[in-house]
Amino acid sequence: MAAVADVEAGAQAPAPATRPAGRRRSFPVWRWVILLLAGAYFLIPLYAALRFAGLKAFPDIFRQAGFTDAISLSLRLAVVTTILTLVLMVPTTVYVHLRLPQVRRSMEGITILPIVIPPIVLIIGVLKVAPGFLLSTPYLLALVYVILAMPFAYRSLDAGLRAVDLKTLVEASNSLGAGWPATLWRVVLPNIRTALLSATVLTVALVLGEFTMASLALYVTFPVWIVQFEQNSGPVSVAASLLALFVTWLLLMLIVTVGGRGARKRGGAQVALFTVAPRETGQTTGEPE
Amino acid sequence: MAGSTTQAVTPEAVTSGARPGRVPAPLRTALRWLGVVPFGVYVALGLIAPTVAIAIAAFQDSTTGKFTTSNFSTALHGSYLLGLKTSLLLSIATAIVPGIFGLLIAYAIFTAKRGQWLRQVVITASGVFANFGGVPLAFLFIATLSTTGIVTGWIKAIFGVNIWDHGFTLYSAYGVFFVYMYFQIPLMVLVILPALEGLRPAWREAAQNMGAGTWQYWRYVGGPVLFPSFLGCLLLLFGSAFAAYATAEALTGGTIALTPIQIGALLNGNVLAGQQNLGYALGLIMVVIIAIVMIGYTILQRRAAKWLR
């Protein structure tokens, strides 16, 4: 699954409010048929899974052998990956915005690479080149997940930084006598809170759901456990899948709602969870340098 | 990574470097680039090095390490060729069908009259569903359409037919196709919507003023403007399906002949030893195919950008 987040600036998506009367001519029947079909296709499997698992299976999940280990490994990986991602990407993105704006395009290109290279290929390459001390620890996965999270993290942060007048803020902060650490911590970060939140949430969601790399590296994370456990009990595996799903959805809904609210306040910028486009239309030209 | 500590220091160095006359110019330029070094090193080690290692190993004999192209001739024959073909066909099908459905859904919410809430719901749901694949998705469909699945039961109860007795199976390429639509359709909605919104109402009005009907508008104005974006989105969907591993693996237990699954099997030690490099060759083939697709995507995106600003 190649999923990328893009918190896109409002300027890129023209407001739909300007639709004139002429375009409103529509085909209600046709539209409702399509939407109902889509609704059925997306909702029936959810309902079926709930029925199949039965409500009894949910408490059972927590009592199964290996569940605690798997979920704790997944959570630890999520925390480590998120910290590494933010520590690597936040200063880099801020720095690029301030000092090397000409590099932004290359950054977009580089951060799209983890999507171009299929996860299965990346992990076999990593397992081939990683030194022994890394191969023997599951935190190798966290190091690779940072790469996987890069497209999400970079795009969120880039959009967040584009929405504020970073240069003025930083200059003001510096001329008031704040050093760089203070500026970054007390001026820049509070201004890109929404972007930080979406980068974090997307990274966590990615780590909690990642199966390909974990299974090839032979570490039993939560998704790997679900698959292994199917042999013991189908309903419990289905229940665990639903649980994983709802947790991921809650996390994603969090960015959509919080991001949406923050955006309205600033007048623009809606959170679209997905676009992979290395935006050729990006406003590189009209940018104050 | 180790480099992250230098990050906090470098901007300082650059600021002082920017004061005239204190640091010579070439050094100043070099210092400017220091800030992206940790990121560059991380990408080089975590992304470039593994890819290069695969590219090299793909041309080496698994046991002797000598240069050979035999990995590729194996990869392009027999069951591996079949896997590649199935993967390509599956990806094409899961680009085109969800592509059309996604376009219709996007158009439906785009033209909806009291569309604001509907729009928000569909976009939010698409964002959530598009990011949802892998293991849970496979189990969702096992619960729905496996031999003991709920919907299989409904169909049996209503029509008296067990679809599994009539050639239906969830654990084949057709089953995988049906499941992949679950994340491909919302993905299409999200990527095509900006393009639809880029169609200016003024164009429609201009066409109408000149007497064009709906069909003529789409044939001569809307269609041509939208087409590069649409094709680009299809390529994106193709790439997304082609690289997918988790869903098919969890759904079929690794029994389906798709290239990613075969790579996984070769490097999991389930197949004869001494065949890892065949896996690397298959991996390299995948990267090359995706690279071609992405180049096509970029070109189409550039063409689309001409009108959609």
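**Exercise 1. Find the handedness with which α1(A) and α5(B) cross, then describe their packing.**

Step 1. The crossing of α1(A) and α5(B) is left-handed. A crossing has this hand if the near helix is turned anticlockwise from the far one by less than a right angle, and is right-handed if clockwise. Helices here are DSSP runs (H or I, at least four residues), as are strands (E, at least two), numbered from the N terminus.

This is a predicted model: local features need pLDDT of at least 70, side-chain atom pairs count only at pLDDT 80 or more, and totals for chains, interfaces and linings use all residues. Residues are numbered from 1 along each chain as its sequence is written, while chains are lettered from A and ligands numbered from 1 in the order in which they are written.

Step 2. Take the geometry. Axes are lines fitted to C-alpha atoms, for helices over the stretch in contact, with angles from 0 to 180 degrees between N-to-C directions.

Step 3. Name the arrangement. (Under 35 degrees counts as roughly parallel, over 145 as roughly antiparallel, 65 to 115 as roughly perpendicular and the rest as oblique.)

Step 4. List the residues. R31(A), I34(A), L35(A) and A38(A) of α1(A) meet L104(B), I105(B) and A108(B) of α5(B). Two residues are in contact if their C-beta atoms, placed from the backbone, lie within 7 Å.

Step 5. Sort them. Six are nonpolar, none polar and one charged. Ala, Val, Leu, Ile, Met, Phe, Trp, Tyr, Cys and Pro count as nonpolar, Asp, Glu, Lys and Arg as charged, and the others, Gly among them, as polar.

**Exercise 2. Describe how α11(B) packs on α14(B).**

Step 1. α11(B) covers residues 214-243 and α14(B) covers residues 276-307. Their axes are 8 Å apart, at an angle of about 155°.

Step 2. α11(B) and α14(B) are therefore roughly antiparallel. α11(B) passes α14(B) in a left-handed crossing.

Step 3. Among the contact residues are P228(B) and L235(B) of α11(B), and Y297(B) and W307(B) of α14(B). By class, this contact has 16 nonpolar, five polar and one charged residues.

**Exercise 3. Is A49(A) buried or exposed? Find its partners.**

Step 1. Locate the residue. A49(A) is found in helix α1 of chain A.

Step 2. A49(A) has 24 C-beta neighbours inside 10 Å, so A49(A) is buried. (Buried takes 20 or more other C-beta atoms within 10 Å, exposed 12 or fewer, partly exposed in between; C-beta atoms are placed from the backbone.)

Step 3. Leave aside neighbours within four places in sequence. A49(A) then touches V238(A), S241(A) and L242(A), plus F139(B), L140(B), A143(B) and T144(B). A49(A) and V238(A) are 189 residues apart in sequence, yet 6.4 Å apart in space, C-alpha to C-alpha.

Step 4. Check α7(B), residues 135-145. Eleven of its eleven residues are buried. Among them are F139(B), L140(B), A143(B) and T144(B).

**Exercise 4. How many residues does each chain give to the contact between chain A and chain B?**

Step 1. Chain A gives 82 residues and chain B gives 86.

Step 2. On the side of chain A, the largest share, 13 residues, comes from α1(A).

Step 3. The chain A side divides into 62 nonpolar, twelve polar and eight charged residues.
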